[in-house]
Amino acid sequence: GNSFEGHTFESALKQLKEQYQIQNIVVVADRGMLSRNNIKITTDTNQYEFILGERLKVLPETIKQHLLNIDNYTRTWVYNHQGEQICIRYCTIEYENRIIICTYSQKRAEKDRTDRQEKIEKAKTLIKYPSLLNKKAQHYFLQSDDQTTYYLNEEKIKQNEKYDGFLAISTNAKQLAVENVLDNYRHLYQIEHSFRTFKSYLETRPMFHWKDKRIEG
């Protein structure tokens with residue numbers, strides 16, 4: 001109906017479980033796609049197991065130190081969506097009744113560096129036009145003392161560099177092997193990528209219908 005999907009998450013899971021007589025449900029999601037309430041429903045009850053994206057930068061310092069130390073990483077071999085065997089480097093740590101799995105990728109690190117450099121270059125251009133920066137200065141590693149003169153926040157750039165190549169997820173499904181957890185989270189990316197392609201290909205746009213005939217059509 002006309003309910004925001006964030007408000008139907010819990011009831012949809014219950015209906016799914018009852019309709020198909022599913023005993024155990026594992027919720028796989030990007031943390032940024034779930035509202036705070038839905039994250040609470042997923043993680044604070046014993047109803048569901050979960051595999052969620054984890055915000056590495058906001059974890060406690062001791063946890064980050066462990067996950068950002070490449071010496072703590074193990075190598076494993078998995079298959080990508082093309083059926084090719086690839087090597088994954090990962091590290092795990094238990095925190096607040098969940099296991100956090102952090103992976104490191106050199107390819108991802110290079111992309112992170114490229115993305116950051118593009119922001120820095122754009123920041124240097126935007127510094128000349130402070131009126132455009134009131135709401136998005138931090139996005140470009142900029143800061144200001146008087147909101148009229150901006151300059152690059154070198155310390156923030158240095159802190160951001162530490163996370164290049166790292167990606168963290170968390171799960172309470174402790175019986176699952178790390179390879180299984182990573183594989184299921186990768187499927188989420190494939191679904192999202194396919195959906196974006198689908199919308200682009202068909203030029204899908206919101207359509208607002210309220211008469212039964214039109215809705216069914």
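Me: How many positive and negative side chains does the chain have, and how far apart do the centres of the two sets lie?

Reply: Lys and Arg count as positive and Asp and Glu as negative, with His and the chain ends not counted; each charge is placed at NZ of Lys, CZ of Arg, CG of Asp or CD of Glu. In this chain there are 33 positive and 29 negative side chains, and the two centres lie 4 Å apart. The model is predicted: local features need pLDDT of at least 70, side-chain atom pairs count only at pLDDT 80 or more, and totals for chains, interfaces and linings use all residues. Residues are numbered from 1 along each chain as its sequence is written, and side-chain values use heavy atoms, leaving out hydrogens and water.

Me: Which residues have the most contacts inside the largest nonpolar core?

Reply: In soluble globular proteins, nonpolar side chains tend to be buried together. A nonpolar core is a set of buried (under 20% relative accessible area, 1.4 Å probe, protein chains only) Ala, Val, Leu, Ile, Met, Phe, Trp, Tyr and Cys residues joined through side-chain atoms within 4.5 Å. Here the largest has 15 residues, and those with the most contacts inside it are Leu 56, Leu 59, Ile 63, Leu 67, Ile 100 and Cys 102. Leu 67 touches (heavy atoms within 4.5 Å) residues including Tyr 73, Ile 93 and Phe 166.

Me: Is Ile 157 buried or exposed?

Reply: Ile 157 is buried, its relative accessible area being 7%. Beyond four places in sequence, Ile 157 touches Arg 116, Ile 120, Phe 141 and Leu 152. Ile 157 and Gln 117 are 40 residues apart in sequence, yet 9.7 Å apart in space, C-alpha to C-alpha.

Note on methods: Buried < 20%, exposed > 50% of the residue type's maximum accessible area, 1.4 Å probe, protein only.
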